[in-house]
Amino acid sequence: MADSPITQVDKSEVLSGLFAVWDSIDALLDGLPETRWLAATPLPGWDVKAVASHMIGTESFLAGIAAPQPDIDVSALDHVRNDVGAMNECWVRHLSAEPGDGVLERFRAVTNNRRTALMGMSDEEWTALTATPVGPESYGRFMRVRVFDCWMHEQDIREALSRPSSDDELDATASQLSLDEIAATMGYVVGKLAKAPDGSRILFELTGPVARSIHVNVDGRARLVDDFGGQEPTATIRLDGLQFTRLSGGRPMSPARAQGIELGGDKDVATQVADHLNFVI
């Protein structure tokens, strides 16, 4: 049994966001010259083809398809840190010699398979407790994690291809669901990773198209709250919302972007939290 309440999420909203991300990735990759499939992404060791292969692998796993056997010990690769990373790398290596248009066809096939399966799920299956990357949770929450993962990889591909999302594209369901997923981890980030002291009230002020205010209160333990009940935050971290998602996902930040982070209140605590935003395994 889970240690905390199970998160129930709206099925139609989550699937709408997930399918929209898959469609965006499809459009980015459609007609892409072979050389551009080899463009380096912000993820160590992965080009655009590797990112697409990883998503194919995850959706294949969820469809009950076993990972292919690798030709080397993938766990020994520098950028592989755990069993999940090793499974990802099996698909990356398996598809590395496949031409880009063949990888895209595989992506379309597995995501179409998953669309059919997800739309056919009953409410009971959607709300059922299952193992997820964030611990025992509802299957729906798992699919919100999938929105976050795929949306982050869409941004990885966009960065590699120098095709950033427009403001309208960022102001969409998938972005907000991804931010929901990130916000849900901020208690863990503030309390467990950054070890903010008891009594801290941390406010994340996210600006730009992916805007939001995220409040974390530390009272015995750190937890996400709607507000501070009229009290002022003890520390604030203000930055562009898209940049916040990139930092939370462990993507590297250029010095120019780092200058866009504004810290307020107790700057030592704010710095401590900002330095520990990455929660992705």
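Visitor: Why is Lys11 said to have no salt bridge?

Guide: This is a predicted model, and in it the nearest side chain of opposite charge to Lys11, that of Asp123, is 5.1 Å away. Because a salt bridge needs a side-chain nitrogen of Lys or Arg within 4 Å of a carboxyl oxygen of Asp or Glu, Lys11 has none, although Lys11 is buried.

Visitor: What lies 3.5 Å from a polar atom of the side chain of Lys11?

Guide: That is the backbone oxygen of Leu118. Lys11 itself has its place in helix α1, which covers residues 11-29.

Visitor: What makes helix α8 count as largely enclosed by the rest of the structure?

Guide: Helix α8 spans residues 173-183, and eight of its 11 residues are buried, so the helix is largely enclosed by the rest of the structure. A residue is called buried when its relative accessible area is under 20%, and in α8 this holds for Ala174, Ser175, Leu177, Ser178, Leu179, Glu181, Ile182 and Ala183.

Visitor: How much of the whole protein counts as buried?

Guide: Of its 281 residues, 48% count as buried, and the secondary structure comes to 12 helices and seven strands. Among contacts between residues at least 6 apart in sequence, 70% join residues at least 24 apart.

Definitions and conventions
Residues are numbered from 1 along each chain as its sequence is written. This is a predicted model: local features need pLDDT of at least 70, side-chain atom pairs count only at pLDDT 80 or more; totals for chains, interfaces and linings use all residues. Side-chain values use heavy atoms; hydrogens and water are left out. Helices (H or I, at least four residues) and strands (E, at least two) are DSSP runs, numbered from the N terminus. Buried means under 20% relative accessible area, exposed over 50%, partly exposed in between (1.4 Å probe, protein chains only). Lys and Arg count as positive and Asp and Glu as negative; His and the chain ends are not counted. A polar contact is a pair of N or O atoms within 3.5 Å; within protein, one must be able to donate a hydrogen and the other to accept it, and residues adjacent in sequence count only if both atoms are side-chain atoms. Contact means heavy atoms within 4.5 Å.
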